[in-house]
Amino acid sequence: MGLFSARRRLAQPSGLTPAVGAVIQNTGREVAARLGKARLAAIAGTNDPRVVAILLVAAAVALGLEMAASFHVI
């Protein structure tokens, strides 16, 4: 067992009513669902071939500029 590992579940806060706990739980689920959608959109955007092509061209240009600078061409 690690230094910060727990063998049992942590105690839940006793000051919350069941209704408040349900609202917090539902809000957490909504946030997780929206983050999941944002993650899928980010993955889809980076898989777009045009985006990949632009990134490759930008990397090639940056490499060319670095090589030119190291050979004192610019």
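**A patch and its helix**

L63, M67, F71 and V73 together make a nonpolar surface patch of about 450 Å². Patch members have over 30% relative accessible area and no salt bridge, and nonpolar side chains are joined within 5 Å. This is a predicted model, so local features need pLDDT of at least 70 and side-chain atom pairs pLDDT 80 or more, while totals for chains, interfaces and linings use all residues. Residues are numbered from 1 along each chain, and side-chain values use heavy atoms, without hydrogens and water.

F71 counts as exposed because its relative accessibility is 60% (exposed means over 50%, buried under 20%). H72, which also follows α2, has a positive phi, near 60°.

How far apart are the end C-alpha atoms of helix α2? They are 31 Å apart, which agrees with the 32 Å that its 22 residues (49-70) should span at 1.5 Å a residue.

Stepping back, the chain has 2 helices and 0 strands (DSSP runs of at least four and at least two residues, respectively). Of its 74 residues, 1% are buried. The accessible surface comes to about 6,900 Å², with 69% belonging to carbon and sulfur atoms (Shrake-Rupley method, 1.4 Å probe).

Conventions
The expected span of a helix is 1.5 Å times one less than its number of residues. Patches are made of residues with over 30% relative accessible area and no salt bridge: like charges are joined within 9 Å, nonpolar side chains (Val, Leu, Ile, Met, Phe, Trp, Tyr) within 5 Å. A salt bridge is a side-chain nitrogen of Lys or Arg within 4 Å of a carboxyl oxygen of Asp or Glu. Buried means under 20% relative accessible area, exposed over 50%, partly exposed in between (1.4 Å probe, protein chains only).
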